[in-house]
Amino acid sequence: MTSLRMPRRRLSLTVIAVFAIVSVFVVRLVDIQLVQAAQLTKDADSRQVRTVTTYGVRGDIVDSNGAVLADSVDRFDITASPKNVSPEGFVRLNKDGTKTKVALTDAIAEIAQLTGADQQQLYTALTKDPTSDFVYLVKAVKLSVFDKVKALKIPWVYSEPHPARNYPNGAVAGNLVGFVGTDGPQAGTELTQNPCLNGVNGTSTYETSADGVRLPGSTVVTKPAVDGGTVTLTIDSNLQWFAQQTLAQQAQATGSDWGTAMVVRVSDGHIMVDADYPSVDPNDRNTVGVDALGARSFSSPYEPGSIMKPATVAGLVDKGLVTATTHVEVPARFTDGLPPGTVIKDAEWHGDVHMTVAGVIMNSSNIGIAELTKLESEKDRYANLRAFGFGSKTTVNFLGESKGYVANPATVDAVTTVTQQFGQGISATSAQVASMYQAIGNDGRKVPLTLVQSCTAADGTVSYPNAGPTTQVVSPFAAQQVRAMMETVTTQGYIHRLITIPGYRIASKTGTAQVADGTGKYGNDYIVSVAGLIPADKPQYAVIVTLAKPDTIKTSAAAAPGYATIMKQVIKTFRIQPSTTPAADTPVAW
Amino acid sequence: MSAVAVARPLRQPTTHTQPRRHLEVVPTRAQRRARPRMLPALVTIGGIGVILLAQLLLSIVIADGAYQVSSLQSAKHDAQLQQHALSEQLDLLASPQHLAANAEALGMVASGSGLYLDAKSGAVTGSGGAAGGSILGAGDQVSNVLLDGTPLVTPAATGSGTTGTTGTATTTDAREGSQTSTDAGAGGAGQDPQTPGLLPSPNTH
């Protein structure tokens with residue numbers, strides 16, 4: 001019997017033992033896998049899993065030809081760990097295997113020499129808090145400098161990437177491109193197109209071996225980085241540079257406070273040039289005043305003066321009220337309907353003269369325009385100016401853009417309702433004026449101004465900003481008539497010698513507007529401008545040059561040389577062919 | 001009853017001398033087939049050994065490759081940084097300010113208006129006119145602080161390889177200068193035709 005019982009007992013003992021052991025393991029397993037799992041995983045990860053930030057690069061801003069106006073560049077912050085700094089210096093292992101002892105002060109001197117940093121400041125930073133593990137030594141150095149610092153093999157020197165913004169063309173279109181400050185984009189296209197440009201940083205993790213080598217196949221992208229898109233402007237950067245150079249020279253020669261120059265492609269409203277003087281270099285914003293950081297052509301409305309006259313006349317021709325050859329009797333002074341004591345005069349005194357409507361434009365007669373306003377109701381005149389875009393922002397919607405001011409017929413006084421038809425008592429931006437000339441050049445069809453051509457996302461998808469509707473402001477006949485009138489300015493106007501370009505038919509209009517001195521009266525300062533279309537018979541480009549408060553010449557003759565120079569460059573840049581027909585010989589008097 | 005001792009015959013001693021015959025259960029064929037065999041066992045164990053060895057070698061190779069991948073990735077990263085730095089430099093050198101300053105430093109002037117030749121009629125249209133002269137005459141008005149310290153490509157710097165042609169270029173310049181006074185006047189850059197190191201210019205009519 002016992003012999004039988006023994007194995008059975010042994011068996012049950014074994015089973016119990018095995019079970020007990022297994023239980024112990026199970027308990028431990030549960031403990032490790034479930035109870036402590038999170039903590040253990042964390043501990044393990046902290047030892048072997050590295051998390052890295054992958055940078056989504058901010059997109060470029062390029063001109064219409066692809067020239068880079070703004071891009072992101074690699075810069076490096078040189079950092080250090082003061083607690084690893086030994087006052088005795090360190091031993092450097094040279095390439096040939098020899099060792100050199102480098103004193104702390106020598107190491108600092110080497111860094112200072114490469115980076116241009118101040119030795120004393122570096123020393124202070126390193127020794128101020130010897131327990132600290134992190135301190136910035138030099139910020140945002142270029143790769144060439146960074147490589148040299150790395151080659152010093154100083155054991156306590158570290159680095160971190162510091163993506164930075166770079167504007168290789170400097171002030172070329174700096175007014176439009178804007179800039180990025182430490183807190184992100186602050187002006188211009190950088191700000192308005194930030195949703196397109198902005199990259200999104202991502203993270204990825206990988207595991208490392210004991211010696212820090214990345215384990216193959218262990219990289220996990222926890223959040224993919226998305227690069228920013230590329231914004232393409234309509235600007236031609238070479239022509240923009242030329243216009244800025246010309247504008248600045250002309251502004252300085254005439255002692256002007258500021259100036260703008262715009263070139264707009266008539267067919268599609270693309271802004272090829274929008275130059276400002278003074279203009280900001282986004283790489284160094286301290287070179288100009290705060291008011292020059294943006295684009296004045298959008299943000300600074302002014303009383304445009306006589307360059308408004310074509311808009312008024314175009315409205316009249318459109319309604320069939322006049323043509324280029326309609327006779328106008330222009331008296332020496334205009335007082336009809338004005339309050340007592342108020343007189344509208346021309347720039348130069350004259351007696352009663354007989355002008356055609358073209359003559360009114362050519363002579364830039366305020367009285368002539370005032371006479372013509374009698375033909376049209378206040379409401380229609382107002383509607384005409386608004387249809388040309390005055391009193392509302394352009395579709396560019398530039399940062400800080402002004403909508404200008406057009407007096408409403410409901411509230412307008414008896415003087416302004418007349419004067420705003422020749423550009424006084426009304427305010428407009430250079431962009432609005434350029435838009436008006438675009439419409440006249442494009443047979444009355446006003447195409448919304450465009451500055452941002454497209455946004456190309458990192459994955460290649462291209463989106464175009466919503467430009468807004470194209471409107472027929474005046475009839476093609478009216479636009480053509482006005483251009484014929486404007487041609488007489490180029491051929492016979494008082495600045496025709498300055499703006500004639502042999503071989504080309506050009507429609508121009510001058511403006512010399514008095515600037516209100518802030519007390520409700522006009523002072524001795526003027527804003528002068530010349531606007532025009534080339535070629536006059538089939539316009540391709542509208543050009544407008546404006547100078548504010550010139551000292552030496554207080555008429556549009558101040559802006560004329562710049563206008564002609566930019567016009568010539570437009571001809572060269574876009575290879576505009578010479579006109580094959582002579583200028584329209586529109587009579588200006590009768 | 002009778003107590004007669006009867007001698008019992010001795011028992012025949014068991015035949016111990018004879019070796020016991022070896023008996024064995026002969027396995028059936030099925031049993032024989034089921035018996036573990038040596039060769040497959042060896043092959044299996046050997047196979048496992050080979051597999052383990054192969055795995056070991058493979059992991060060594062992979063680990064080694066990881067170092068290589070790691071170093072190549074860092075080399076790629078360095079190369080990318082290098083490329084970025086160079087294209088940044090290129091963009092800067094391609095800026096209009098730099099190009100214009102260099103062109104004028106080399107004695108170039110802006111061209112005049114273009115002329116157009118109608119291939120059908122042979123007629124020439126356009127104003128033409130003299131060269132436009134110096135654009136930067138009144139100084140570079142469009143600032144670019146990034147260009148500070150960037151040297152201009154001066155004729156002296158590039159002229160070393162073209163000393164042979166410099167002489168002819170100078171005479172050509174002088175001849176053109178005497179032919180058309182407008183050219184020299186419009187040049188405006190203050191270039192002395194006799195300045196050595198001027199770039200050669202084609203003699204066009």
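## A tour of chains A and B

Read along its sequence, chain B runs α-α-α-β-β-α-α-α. That gives 6 helices and 2 strands in chain B. Please keep in mind that this is a predicted model. Of the 205 residues in chain B, 11% count as buried. Among the contacts in chain B with a separation of 6 or more, 67% join residues 24 or more positions apart.

**Where the chains meet**

Chain A brings 36 residues into contact with 30 residues of chain B. Four elements of chain A each supply at least two residues to the side that touches chain B: strand S3 (68-73) and helices H5 (143-151), H9 (237-254) and H19 (560-573). H9(A) provides the largest share of that side, with 7 residues.

**Domains and a helix pair in chain A**

Chain A itself is divided into two domains, with domain 1 covering 75-83 + 99-144 + 154-162 and domain 2 covering 237-573. Taken over C-alpha atoms, the centres of domain 1 and domain 2 of chain A are 57 Å apart.

If you are browsing the helices of chain A, have a look at H11 (residues 309-318) and H17 (residues 476-492), whose axes come within 8 Å and cross at roughly 135°. H11(A) and H17(A) are therefore oblique to each other, and their crossing is right-handed. The table shows which residues each helix brings to the contact.

| Helix | Residues in the contact |
|---|---|
| H11(A) | Pro310(A), Val313(A), Ala314(A), Val317(A), Asp318(A) |
| H17(A) | Ala478(A), Ala479(A), Gln481(A), Val482(A), Met485(A), Met486(A) |

The residues of this contact between H11(A) and H17(A) divide into 9 nonpolar, 1 polar and 1 charged.

**A closer look at Ala589(A)**

Ala589(A) sits in the segment after H19 of chain A. Is Ala589(A) buried or exposed, or partly exposed? With 14 other C-beta atoms within 10 Å, Ala589(A) is partly exposed, because a residue needs 20 or more such neighbours to count as buried and 12 or fewer to count as exposed. Leaving out residues up to four places away in sequence, Ala589(A) touches His354(A), Met355(A), Thr356(A) and Gly359(A).

Definitions and conventions
Residues numbered from 1 in each chain as written. Chains lettered and ligands numbered in written order. Predicted model: local features only at pLDDT ≥ 70, side-chain atom pairs only at ≥ 80, totals over all residues. Domains from an automatic or database assignment. Axes fitted to C-alpha atoms, helices over the stretch in contact; angles between N-to-C directions. Parallel < 35°, antiparallel > 145°, perpendicular 65-115°, else oblique. Left-handed = near helix turned anticlockwise from the far one by under 90°. Contact = placed C-beta atoms within 7 Å. Nonpolar A, V, L, I, M, F, W, Y, C, P; charged D, E, K, R; others polar.
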